[in-house]
Amino acid sequence: MKSAGTKLLTLMLIGVLAFFMPGCGGDDDNDNDHVVTLQSIQVQPVDEPAEGTTDLYPLVKGNVEYEAIGVYSDGTTKVMTTEAAWSTEDDAVATAEVNGHVKFVDGGQTQVVAKVGDVSGKASLRIEALEKITLMKKSGLPTQIPAGVSVQYKAIGETTSGYTFDVSAYVDWQSSDEKIAKVEFVYPETVLRAVPQKSPVIVKVKTLAKGDATISAKMTTPAGKALEDAKEMAVSDAALLKLQIDQSDMSKPVGTTVQLSATGLFSDGTVIPLTTEVAWSSSDTSV
């Protein structure tokens, strides 16, 4: 029969063993090792900056979209754009709105900041004023354009340091005589967004009748600077005589997509690409 002292010693030993057994002694260090925490936030632009740069955009009445990527202690990442609080370090250059939208105010340099809790990240943003805009039409076209043809135009903006951007979506387009030539717009995207590097609008000038018209583009920058360029367009009454389809790429395996092109030959000898102007069809859709 064990004495009372022996029983007490046995209970004390069991208690000591229990204290040092994993998960039983109240040591929370192991639990803390498994807690995943947000370590940093990477901020980067969604919209493409000037070629050869990571942060340069032209000063237009638009915005740049940024995203925030959270990096956790276990190496995983998470998009945190909508839950982050956005700001800039200089509101005189740009202001931040919800979901990473940064609005241009004036030329200069600032930092775009995204913050979640006590963790934040930032990215550099440079905005340069536009010095001029230049209208450009599709290359390879004759001086006179036959009536009934659409000609694609672009407005190219050049910044103070020589970087160029397609600013077609930010200028006001006009024709001096809409009976001769009329400006039309095509929106490839369902939602018009301000993307400084890639214009969300395609500008086409539809020729309607013989005569001369001036196509112009104007814009006023957020800093109040007025920019303008204009190009003369001569429209002829030449008639379309023949359509030619490029058949050099017609032999393809089943399931392959083939890009065809169409060219128009007119009565005055001009040859104009008409791929986007003609209606396309197939004599046998099963083939």
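At a relative accessible area of 32%, K225 counts as partly exposed. The model in which this residue is described is a predicted one. The side chain of K225 meets that of E131 in a salt bridge, with N and O 3.4 Å apart. Since K225 belongs to the loop between β17 and β18, whereas E131 belongs to strand β10 (residues 130-137), the pair ties together parts that are 94 residues apart in sequence. E131 is likewise partly exposed, its relative accessible area being 42%.

The overall composition is as follows. The protein comprises 287 residues, of which 34% are buried. Its secondary structure consists of two helices and 21 strands. Among contacts with a separation of 6 or more, 57% are made by residues 24 or more positions apart. The accessible surface amounts to about 17,200 Å², and carbon and sulfur atoms contribute 52% of this area.

Six salt bridges are present in the structure, one of them being the K225 and E131 pair described above. A further salt bridge joins E158 and K132, whose closest N and O atoms are 3.9 Å apart. Because E158 is in strand β12 (residues 150-159) and K132 is in strand β10, this pair ties together parts that are 26 residues apart in sequence. Both partners are partly exposed: the relative accessible area is 27% for E158 and 43% for K132.

The interior was examined next. The largest nonpolar core contains 56 residues, and those with the most contacts inside it are Y66, L125, V167 and W173. W173 is placed on the covered face of strand β14 (residues 172-175), together with S175. The uncovered face of the strand carries D172 and Q174. In a regular strand, side chains alternate between the two faces of the sheet. Beyond its neighbours within four places in sequence, W173 is in contact with L135, Y153, K154, A155, S168, V183, F185, V203, I215, S216 and A217. Strand β14 pairs with strand β17 (residues 211-220) in the antiparallel sense, and four bridges link the two. Within this pairing, D172 of the uncovered face stands opposite K218 in β17.

D229 is located in strand β18 (residues 226-236). This residue is buried, because its relative accessible area of 16% falls under the 20% limit. The side chain of D229 is joined to that of K231 by a polar contact of 2.9 Å. Apart from neighbours within four places in sequence, D229 is in contact with I133, T134, L135, I215, S216 and A217. Of these residues, L135, I215, S216 and A217 are also in contact with W173.

V60 lies in the loop between β2 (56-58) and β3 (63-72). The residues in contact with V60, neighbours within four places in sequence aside, are F104, L130, V167, Y170, M219 and P222. One of them, V167, is also among the residues with the most contacts inside the largest nonpolar core. V60 and A129 are 69 residues apart along the chain, and their C-alpha atoms are separated by 8.1 Å.

Two partly exposed sites complete the description. V186 lies in strand β15 (residues 181-186) and has a relative accessible area of 38%, so the residue is partly exposed. The C-alpha atoms of V186 and I202 are 5.0 Å apart in space, while the two residues are 16 apart in sequence. N99 is found in the loop between β6 (94-96) and β7 (101-104). Although N99 is not a glycine, its phi is positive, at about 60 degrees. N99 is partly exposed, with a relative accessible area of 33%.

Key:
Residues are numbered from 1 along each chain as its sequence is written. This is a predicted model: local features need pLDDT of at least 70, side-chain atom pairs count only at pLDDT 80 or more; totals for chains, interfaces and linings use all residues. Side-chain values use heavy atoms; hydrogens and water are left out. Buried means under 20% relative accessible area, exposed over 50%, partly exposed in between (1.4 Å probe, protein chains only). Two strands pair if DSSP finds at least two bridges between them. Contact means heavy atoms within 4.5 Å. Accessible areas come from the Shrake-Rupley method with a 1.4 Å probe; for residues, only the protein chains shown count as cover. A nonpolar core is a set of buried Ala, Val, Leu, Ile, Met, Phe, Trp, Tyr and Cys residues joined through side-chain atoms within 4.5 Å. A polar contact is a pair of N or O atoms within 3.5 Å; within protein, one must be able to donate a hydrogen and the other to accept it, and residues adjacent in sequence count only if both atoms are side-chain atoms. A salt bridge is a side-chain nitrogen of Lys or Arg within 4 Å of a carboxyl oxygen of Asp or Glu.
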